[in-house]
Amino acid sequence: MTHQAPFPRAPLIAVGVLLTAAILLAAGGSLTGLGKTRMPEGSVVESRELVFVDQADGGVGVYDGATREKITVMAPGTNGFLRATLRGLARARHLSGIGSDAPFRLMTWTDGHIFLEDPATGRLVALDAFGPTNAHVFAELLHEGSQTR
């Protein structure tokens with residue numbers, strides 16, 4: 001005859017507390033909207049369609065989506081946030097079987113938010129969510145070059 005010791009109560013109580021806390025936090029976030037991404041209030045103040053092209057030297061050429069005029073070239077090894085953002089959007093296009101020729105839409109809203117939209121996939125990136133320095137890199141492209149909108 002073997003005698004088994006009862007399972008310790010402390011781990012069971014800890015798991016119960018963790019599960020209860022997780023459920024309460026999820027419900028609280030859902031009810032209050034904490035942590036949710038929302039579209040800004042207001043409307044688009046400025047927008048510009050942009051095409052980004054990888055250069056042979058590792059730079060990124062930025063072109064006006066309407067006129068196809070070159071706006072600027074991001075030097076190789078610079079603008080890591082811009083490159084990472086575009087890489088993510090390009091990957092979504094690739095997975096959807098969409099080419100890279102369609103322009104992206106850069107927009108600022110009346111409340112100051114700045115977004116990069118990919119009309120081809122429907123993806124929208126809230127650029128100011130990554131900090132003002134990162135958003136500023138894109139915001140400069142609204143006015144850079146020969147055409148301002």
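In the structure, which is a predicted model, both faces of strand β2 are covered, with Val 60, Val 62 and Asp 64 buried on one side and Gly 61 and Tyr 63 buried on the other. Since five of the five residues of β2 are buried, the strand is largely enclosed by the rest of the structure.

On one flank, β2 pairs with β1 in the antiparallel sense over five bridges, and Gly 61 of β2 stands opposite Val 53. The hairpin formed by β1 and β2 has five residues between the strands, and within this hairpin Gly 58 adopts a positive phi near 100 degrees. Strand β2 is also joined to β3 by four bridges, again with the two strands running antiparallel, and here Val 62 has Thr 72 of β3 as its bridge partner. A hairpin is likewise formed by β2 and β3, with five residues between them, and Arg 68 in its turn has a positive phi of about 65 degrees.

These pairings belong to an open sheet of six strands, arranged in the order β3-β2-β1-β4-β5-β6 with antiparallel pairing. The edges of the sheet are formed by β3 and by β6 (residues 123-126), each of which pairs on one side only, and the twist from one strand to the next averages 25 degrees.

Helix α3 comprises the 12 residues 132-143 and reaches 17 Å from its first C-alpha to its last, which is close to the 16 Å expected at 1.5 Å a residue. Its buried residues are Ala 135, Val 137, Phe 138, Leu 141 and Leu 142; because they cover an arc of only 160 degrees around the axis, they lie on the same side of α3. On the other side of the helix, Pro 132 and Thr 133 are exposed. The buried residues of α3 pack against β1, β2, β3, β4 and β5, and also against α2 (residues 80-95). Following α3 is Gly 145, whose phi is positive, near 90 degrees.

Note on methods: Residues are numbered from 1 along each chain as its sequence is written. This is a predicted model: local features need pLDDT of at least 70, side-chain atom pairs count only at pLDDT 80 or more; totals for chains, interfaces and linings use all residues. Side-chain values use heavy atoms; hydrogens and water are left out. The expected span of a helix is 1.5 Å times one less than its number of residues. Buried means under 20% relative accessible area, exposed over 50%, partly exposed in between (1.4 Å probe, protein chains only). The arc is that of the directions from the helix axis to the C-beta atoms. Contact means heavy atoms within 4.5 Å. Two strands pair if DSSP finds at least two bridges between them. Axes are lines fitted to C-alpha atoms, for helices over the stretch in contact, and angles run from 0 to 180 degrees between N-to-C directions.
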